[in-house]
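Visitor: I would like a close look at a single part of this model. Please keep it brisk.

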Amino acid sequence: MKIHQSAEDYLETILKLEQRNGSVRSVDIAAEMGFSKPSVCRAMKLLRNDAYIEMEPSGQIKLLEKGRAVAQRIYNRHQVLTTMFIRLGVDPEVAAEDACKVEHDLSEESFDKLAAHLAKTQQQEK
């Protein structure tokens, strides 16, 4: 099943908030993404129904294995692309914004080549 870009963005945001704060609630996601609480609640319901997340009675949101795998894949893409753009001379803020746009649509083949090139150049610099 293909996951939509918006779902990937939510899962990536949950992962980042979890890493930063230790726990995640819908209100945290709404604040981070600039969305309304009702929009986030609807998205969380869909992610829960598709077994990407679970919501505890306390309101805490936890990534399930499937959701964590998607979140980590997208977050890794974001980090690699942002680094590549910065190394090309793009302003860091613009690089991060552009990485968000590209991370979902770039083919696996192209991403793998970019990541390998970045790793090779970083290794050569050591």
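At what angle do the axes of helix 1 and helix 3 cross?

Guide: This is a predicted model, where local features need pLDDT of at least 70, side-chain atom pairs count only at pLDDT 80 or more, and totals for chains, interfaces and linings use all residues. Residues are numbered from 1 along each chain as its sequence is written, and side-chain values use heavy atoms, without hydrogens and water.

The axes of helix 1 (residues 5-21) and helix 3 (residues 37-49) cross at roughly 95° and come within 11 Å. Axes are lines fitted to C-alpha atoms, for helices over the stretch in contact, with angles from 0 to 180 degrees between N-to-C directions. Helices are DSSP runs (H or I, at least four residues), and strands are too (E, at least two), numbered from the N terminus. Helix 1 and helix 3 are therefore roughly perpendicular; that term covers 65 to 115 degrees.

Helix 1 brings A7, Y10, L11 and I14 to the contact, and helix 3 brings S39, V40, A43, M44 and L47. Contact means heavy atoms within 4.5 Å. The contact residues divide into 8 nonpolar, 1 polar and no charged. Here Ala, Val, Leu, Ile, Met, Phe, Trp, Tyr, Cys and Pro count as nonpolar, Asp, Glu, Lys and Arg as charged, and the others, Gly among them, as polar.

Now confidence. pLDDT is the predictor's confidence in each residue, from 0 to 100. The chain has a mean pLDDT of 93, and 98% of its residues reach 70 or more. Confidence is lowest in helix 6 (residues 108-125), at a mean of 90, and highest in strand 2 (residues 61-63), at 97.

Terms used. Angles under 35 degrees count as roughly parallel, over 145 as roughly antiparallel, 65 to 115 as roughly perpendicular and the rest as oblique.
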